[in-house]
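Visitor: I'd like a close look at a single part of this model, please. Could you walk me through it slowly?

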Amino acid sequence: MNLPNKITISRIFLIPIFLIVMLVPFSWGGIDLLGTHMPVTHLVGGLIFILASTTDWIDGYYARKLNMVTNLGKFLDPLADKLLVSAALIVLVEMGMSPSWIVIVIISREFAVTGLRLVLAGEGEVVAANMLGKVKTWAQIVAISALLLHNIIFEAINLPFDMIALWVALIFTVWSGWDYFYKNRQAFVNSK
């Protein structure tokens, strides 16, 4: 297994650590940071999420720079993104920090695109994420980070950046899902 794929696997292994920090009912107290008060567990969970998210850029960078792009990496990288984002969104719903309907739309798109990828893989095609999909992923990461960190910085000026970012993520999620299905519509047109 090459270095970029090991980095992707590390992102997957950070998910249970994130979940334990966010969901196990223990308290490390609260913290006031940049005009925002939050539980320390949310700060730690947010930082774990951000660390895991940055590995998405790192593994892609090394895969391209070292010419180590593999079919395994094309499969694992979007899977790791979907697992991380889905886990974080579900945690946010459970904590009452995100509307459930937005999370349902985002996760439904991820299931639908994963299903399409499976259909395409059955036809021998492995499709890497396109630029719109990457923008979607980063919009989701920014929104989730802002929500996990209780709208840090922006709370002091009473700007709901976290919710604005979530709406932007929702728009890019729907748009990129539509684009993905439109560009790969031949998978359904050619089906018997």
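Visitor: Which residue in S2 does aspartate 32 stand opposite?

Guide: That would be histidine 37. Keep in mind that this is a predicted model. Strand S1 covers residues 30–33 and strand S2 covers residues 36–39. They pair in the antiparallel sense, over four bridges. Between the strands of this hairpin sit two residues, and leucine 34 takes a positive phi there, near 55 degrees.

Now follow the chain onward from the hairpin. Helix H2 spans residues 40–65, which is 26 residues. From its first C-alpha to its last, H2 reaches 37 Å, close to the 38 Å expected at 1.5 Å a residue. After H2 comes asparagine 67, and its phi is positive too, near 55 degrees.

On either side of that stretch in the numbering are two helices that pack together: H1, residues 3–23, and H3, residues 71–94. Their axes are 9 Å apart, at an angle of about 10 degrees. Angles under 35 degrees count as roughly parallel, so H1 is roughly parallel to H3. Who meets whom? On the H1 side, the residues include Ile9, Ile12, Phe18 and Leu19, while the H3 side includes Leu76, Ala80, Leu84 and Val91. By class, the contact has 15 nonpolar, three polar and four charged residues. Among the residues that meet here are Arg11 in H1 and Asp77 in H3.

How values were computed
Residues are numbered from 1 along each chain as its sequence is written. This is a predicted model: local features need pLDDT of at least 70, side-chain atom pairs count only at pLDDT 80 or more; totals for chains, interfaces and linings use all residues. Side-chain values use heavy atoms; hydrogens and water are left out. Axes are lines fitted to C-alpha atoms, for helices over the stretch in contact, and angles run from 0 to 180 degrees between N-to-C directions. Angles under 35 degrees count as roughly parallel, over 145 as roughly antiparallel, 65 to 115 as roughly perpendicular and the rest as oblique. Contact means heavy atoms within 4.5 Å. Ala, Val, Leu, Ile, Met, Phe, Trp, Tyr, Cys and Pro count as nonpolar, Asp, Glu, Lys and Arg as charged, and the others, Gly among them, as polar. The expected span of a helix is 1.5 Å times one less than its number of residues. Two strands pair if DSSP finds at least two bridges between them.
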